[in-house]
Amino acid sequence: MRRRLPALLLVVASAALADTRSFVDQSDLPAEAVRSGSVFLTAETRALQADGFANPGYLWVERGGELFNDGDKVCSSCHQADALAGAAARYPQYDAVAGALLNLEARINLCRQHHQELPPLAYESDELLALTAYVANLSQGRPLTVAVDGDAAPFFEQGRAYYFQRRGQLNLACNQCHDDNWGGKLRGDTISQGQPNAWPAYRLEWQTFGSLHRRIRDCDVGVRAEPHESGSEIYISLELYLAWRARGLAVESPGIRR
Amino acid sequence: MSTTIRIAAPKQASRGEVMELKALIRHPMETGYRRDPYGKQIPENILQRFECIYNGEKVFAGEFFRAIAADPFLTFYTVAVESGTLEFRWVGQDGQVYSESVELEVV
């Protein structure tokens, strides 16, 4: 047994080497295979999300509604809540004035700076989460339809490249779990497709409400890669790819996720 | 101190009717056992008590402990006796009181 160990190690090592050299299959998830993350939840968690009172995400939606109508120059002095219905389903979106790709959080902060003359809110702060939750909730039920052509195209390509890039000590790309093995098991959990349509969402593991970028950071940490900052261009680009990949899925925010 | 509270209670009930009341409050229910990324202990911060007071009379009360999840959600029942106020009160870690009242009409 002792004599056979080096040979065995060699086999393992060469397999690992071969693995790093091989490329991941970069074909997008076919549209007909797209499933919302709620499909992978237990019936109880799905019921909690569907319950308009018990769903704790509405604590943030309600707070967001208060903030939307609060202050010297309030959001509602420009925006009719009705007119914002469906807006969140079109984000991330390229903004010519800012010259950048903006997600909902970035758009809210830009509005604060340009129109309300207020300092931007910190990513993952309760206020920004609440405002994002409120605006996202106005689009509940609307299908995700983001523009990925024109000025958004380079960001889309960047986000797509990130999705298919192996990373971290575990050397895994997003698609290896979320395209190739969704529905399978990872430890005790069912692997979802990593769809973004329920975010921002209440995550039971966190015992609180959080952004999609915080969730993506958890995945990056999970494969032992260095996570990027929430709100960074690379994550917003990835968000654009994810939103395109989920095209047609209805916005569920505030969702409940494990 | 303010926090977000959601109450579900009927506005109107008939005398003798059993009413379902629901209360959801935003609270971290921090156990005091966790540590932050720098290894510093996060201080305990839990709601200690919940009460529902119907026209001055306590109709439901509960003691909360560390094992209760964040943003506690309660559903309970009481009998509609007379028109008046239903007060929902939570007592925090240091005795802070969070409360919300709703009016009830009994016909």
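Figure 1. Helices (H or I, at least four residues) and strands (E, at least two) are DSSP runs, numbered from the N terminus. On this basis chain B of the predicted model has eight strands and zero helices. Its pattern along the sequence is β-β-β-β-β-β-β-β. Along the principal axes, the C-alpha atoms of chain B fill a box of roughly 60 × 20 × 20 Å. Chain B has 107 residues, of which 18% count as buried. Among contacts in chain B with a separation of 6 or more, 57% come from residues 24 or more positions apart.

**Figure 2. The open sheet β1-β3-β6 of chain B.** Three strands make up this open sheet, and their pairing is antiparallel. β1 and β6 of chain B are the edge strands, each pairing on one side only. From one strand to the next, the twist averages 20 degrees. β1(B) and β3(B) run antiparallel and are joined by four bridges. In this pair, B:I5 stands opposite B:I25 of β3(B). Seven bridges connect β3(B) with β6(B), residues 73-79, again in the antiparallel sense.

**Figure 3. The side of chain B that touches chain A.** Contacts between the chains involve 10 residues of chain B and nine residues of chain A. Two strands of chain B, β1 (5-8) and β3 (18-25), each supply at least two residues of the side that touches chain A. By class, this side of chain B has five nonpolar, four charged and one polar residues. β1(B) and β3(B) are also joined to each other, by the four bridges of the antiparallel pair.

**Figure 4. The loop around B:D71.** B:D71 is in the loop of chain B between β5 (57-63) and β6. Phi of B:D71 is near 50 degrees, a positive value in a residue other than glycine. Is B:D71 buried or exposed? B:D71 counts as buried because 20 C-beta neighbours lie inside 10 Å.

**Figure 5. The largest nonpolar core.** This core has 61 residues, and the members that touch the most others are A:A88, A:A133 and A:L240. Helix α5 of chain A, residues 126-137, gives the most to the core, with eight residues. Leaving aside neighbours within four places in sequence, A:L240 is in contact with A:P92, A:L101, A:V146, A:V148, A:A152, A:F155, A:F156 and A:G159.

**Figure 6. The crossing of α6 and α9 in chain A.** The axes of α6(A) and α9(A), the latter spanning residues 233-245, come within 7 Å and cross at roughly 85 degrees. Angles of 65 to 115 degrees count as roughly perpendicular, and α6(A) and α9(A) are therefore roughly perpendicular to each other. On the α6(A) side the contact is made by A:F155, A:F156, A:Q158, A:G159, A:R160, A:Y162 and A:Y163. On the α9(A) side it is made by A:I234, A:S237, A:L238, A:L240, A:Y241 and A:W244. By class, the contact of α6(A) with α9(A) has nine nonpolar, three polar and one charged residues.

**Figure 7. Two cis peptide bonds in chain A.** A cis bond, with omega about 0 degrees, joins A:Y91 and A:P92. A:P92 is placed in the loop between α3 (57-68) and β1 (93-95) of chain A; A:P92 is also among the contacts of A:L240. The peptide bond from A:W199 to A:P200 is cis as well, with omega near 0 degrees. A:P200 is found in the loop of chain A between β4 (189-190) and β5 (201-203).

Figure 8. A:E117 is in the loop between α4 (104-114) and α5 of chain A. Its phi is near 50 degrees, a positive value in a residue other than glycine. A:Q169 lies in the loop between α6 (153-163) and α7 (174-178) of chain A. The C-alpha atoms of A:Q169 and A:A96 are separated by 38 Å, and the two residues are 73 residues apart along the chain.

Definitions and conventions:
Residues numbered from 1 in each chain as written. Chains lettered and ligands numbered in written order. Predicted model: local features only at pLDDT ≥ 70, side-chain atom pairs only at ≥ 80, totals over all residues. Contact = placed C-beta atoms within 7 Å. Nonpolar A, V, L, I, M, F, W, Y, C, P; charged D, E, K, R; others polar. Pairing = 2+ DSSP bridges. Axes fitted to C-alpha atoms, helices over the stretch in contact; angles between N-to-C directions. Core = buried A, V, L, I, M, F, W, Y, C linked by C-beta atoms within 7 Å. Buried ≥ 20, exposed ≤ 12 C-beta atoms within 10 Å, placed from the backbone. Parallel < 35°, antiparallel > 145°, perpendicular 65-115°, else oblique.
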